[in-house]
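Student: I have a structure open and have never looked at it before. Can we go through it piece by piece?

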Amino acid sequence: MSKIKKENLKSGTVNRKPKLEEKSAYRSVVLSAVIGGILLISSIFLNGGYLSLVISENFLFQTLDITIRVLVILFFFIFMTISIGNYKELTGKPLDFKFIVLIFIFSLIQSFRDSIVFSFTLVGLLLIIVYLFFIQEN
Amino acid sequence: MKKNATGIIIFIFIAQLLMSSAFLIIKSYGTPIEFDVGFGTAPVIDGVVDGETSEWASAEKLEIELFHNLTNPSDGLPIELWVLQAGSNLYILARFDLNDHSSSEYDKEFLGILIADWDAGLDFTDAKIVQFSNMSTNNYSYLDHYINDTVYYGDMNPNGDGAAKLEGNQIVYEFSMPVENIEGGIEDVELDHGDTFNFKIIFGKTAIYPSGIILSNIISIHLQYPPGAPDLPIEELLMSISTIVIFSTIGAFFAFYIYRITQLKKEIERIRS
């Protein structure tokens, strides 16, 4: 009697765990996509040339402006990779290289108006991809 | 492993910050006097403002001062500065008074206009100078020089024109210089419509450059497009269109992804039920 009860209890816990993981993965998909969306809107304003954070010619402010613009794109890439990665996991397929390349292009192309932002974004994105590759390997 | 990952993330951002700082060298400087210059009738470059023909009537008129020290401006020489565009030239007039202007002290007087390229900040590389050899006999010459590391060299192919005339204590300097002139080569700054250029007005009493310069000031001139020309240059127009197309495409893909997320939620709910 007690054995049957125990088995039922055990299988219930096992079932609840994937459900919980599924829920948290879905929440991660949505949250990361929302943050990605906010970063995309910020990028449209900053990298689309509609808004400049700094008008001054001061070197420090100019550097800050460029750094913010680069970071907005890099974080967009990171959050969209997380979101799409979890989405693919929920559909039962792994995030393949094709999608990473697509997010990479969509991120990099946002900086096409400014060669300096473009160069640093390219370097940053490559570093992130190298880092992701290492994580995957480990 | 977690420690390593944090380390790599910190390394990426520090590298990012360091690289973006290391390659950026932008000159910082004070804000020069800025104004827009439109089009009018071409004046005659002879050192005389002819009231009968109303030449210079359509010029942008500005009153500025030339200073001994631009970082600490005081006791400036007030001058009238008139600027206008006509045809494919930019015209600049400077008019001012000096006590005992006809005395031998000012025999070798000069007034020059140094020009910096639109993206060169205050790196002035082109000089147009009207240099008197004898003011009492009204002998002067127009000089077109290029500046390399503060040394003035005469242009192989001088362009533009300059003239001056003293009447009483008042002197008028007139200059003309070509706009959109691609034949100037590296010796001349190529002035373009739609761009803003820094000009340095220099004044001195001895024909030595740059050590003979005793007074100066900087103005910033935006050269308007000729009437009837499009407001936006073709490059800017293409850039704006590309920006809209690229960000709309990314936005559309993002919207499609959000739609897929909502579909995924429905799918999960369907499987669960």
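Student: Let's start in strand 8 of chain B. Which residue there is the bridge partner of Tyr146(B)?

Tutor: The bridge partner of Tyr146(B) is Tyr153(B). Keep in mind that this is a predicted model.

Student: Ok. How do strand 7 and strand 8 of chain B pair, and over how many bridges?

Tutor: Strand 7, residues 139-148, pairs with strand 8 of chain B in the antiparallel sense, over four bridges.

Student: What's in the loop between strand 7 and strand 8 of chain B?

Tutor: Thr150(B) is found there. The phi of Thr150(B) is near 65°, a positive value in a residue other than glycine.

Student: Is Thr150(B) buried or exposed?

Tutor: Thr150(B) counts as exposed, because it has 9 C-beta neighbours inside 10 Å. The cut-off for exposed is 12 or fewer.

Student: Back to the strands. In what order do the strands of the seven-stranded open sheet of chain B come?

Tutor: The order is 1-12-11-5-6-7-8, and the pairing is mixed. Strand 1 (33-37) and strand 8 (151-154) of chain B stand at the edges. Each has a single partner strand, so one side of each is left without a neighbour in the sheet. On average, neighbouring strands of this sheet are turned by 30° against each other, direction ignored.

Student: Which peptide bond in chain B is cis, with omega near 0°?

Tutor: The one from Tyr209(B) to Pro210(B). Pro210(B) sits in the loop between strand 11 (196-204) and strand 12 (213-223) of chain B.

Student: And what is the phi of Trp56(B)?

Tutor: Trp56(B) has a positive phi of about 70°, although it is not a glycine. Its place is in the loop between strand 1 and strand 2 (60-66) of chain B.

Student: Is Trp56(B) buried or exposed?

Tutor: Trp56(B) counts as buried, because it has 22 C-beta neighbours inside 10 Å.

Student: Now the five-stranded sheet. What is the order of its strands?

Tutor: The five strands form an open sheet in the order 2-3-4-10-9 of chain B, with antiparallel pairing. Strand 2 and strand 9 of chain B are at the edges, each with a single partner strand, so one side of each has no neighbour in the sheet. Neighbouring strands here are turned by 20° against each other on average, direction ignored.

Student: How many bridges join strand 10 of chain B to strand 4?

Tutor: Nine bridges join strand 4, residues 89-97, to strand 10 of chain B, and the two run antiparallel. In that pairing, Ile92(B) stands opposite Phe175(B).

Student: What about strand 9 and strand 10 of chain B, how many bridges there?

Tutor: Seven bridges, again in the antiparallel sense, with strand 9 covering residues 161-167. Ala164(B) has Tyr173(B) as its bridge partner, and Lys165(B) stands opposite Val172(B).

Student: What lies between strand 9 and strand 10 of chain B?

Tutor: Two residues: the strands form a hairpin, and Gly168(B) in the turn has a positive phi of about 70°.

Student: Why is strand 10 of chain B largely enclosed?

Tutor: Seven of its nine residues, 170-178, are buried, so the rest of the structure largely encloses it.

Student: Change of topic: how many helices and strands does chain A have?

Tutor: Four helices and zero strands. Along the sequence, the pattern is α-α-α-α. Buried residues make up 28% of the 138 residues in chain A.

Student: At what angle do helix 2 and helix 3 of chain A cross?

Tutor: Roughly 155°, with the axes of helix 2 (residues 59-90) and helix 3 (residues 97-108) of chain A coming within 10 Å. That makes helix 2 of chain A roughly antiparallel to helix 3 of chain A. The crossing is right-handed.

Student: Which residues of helix 2 and helix 3 of chain A meet?

Tutor: From helix 2 they include Ile73(A), Phe76(A) and Met80(A), and from helix 3 they include Phe99(A), Ile103(A) and Ser107(A). The residues of this contact divide into eight nonpolar, two polar and no charged.

Student: Last one: how far apart are Ile78(A) and Ser107(A) in space?

Tutor: They are 9.8 Å apart, C-alpha to C-alpha, and 29 residues apart in sequence. Ile78(A) lies in helix 2 of chain A and counts as buried, because it has 20 C-beta neighbours inside 10 Å.

Terms used: Residues are numbered from 1 along each chain as its sequence is written. Chains are lettered from A and ligands numbered from 1 in the order in which they are written. This is a predicted model: local features need pLDDT of at least 70, side-chain atom pairs count only at pLDDT 80 or more; totals for chains, interfaces and linings use all residues. Two strands pair if DSSP finds at least two bridges between them. Axes are lines fitted to C-alpha atoms, for helices over the stretch in contact, and angles run from 0 to 180 degrees between N-to-C directions. Angles under 35 degrees count as roughly parallel, over 145 as roughly antiparallel, 65 to 115 as roughly perpendicular and the rest as oblique. A crossing is left-handed if the near helix is turned anticlockwise from the far one by less than a right angle, and right-handed if clockwise. Two residues are in contact if their C-beta atoms, placed from the backbone, lie within 7 Å. Ala, Val, Leu, Ile, Met, Phe, Trp, Tyr, Cys and Pro count as nonpolar, Asp, Glu, Lys and Arg as charged, and the others, Gly among them, as polar.
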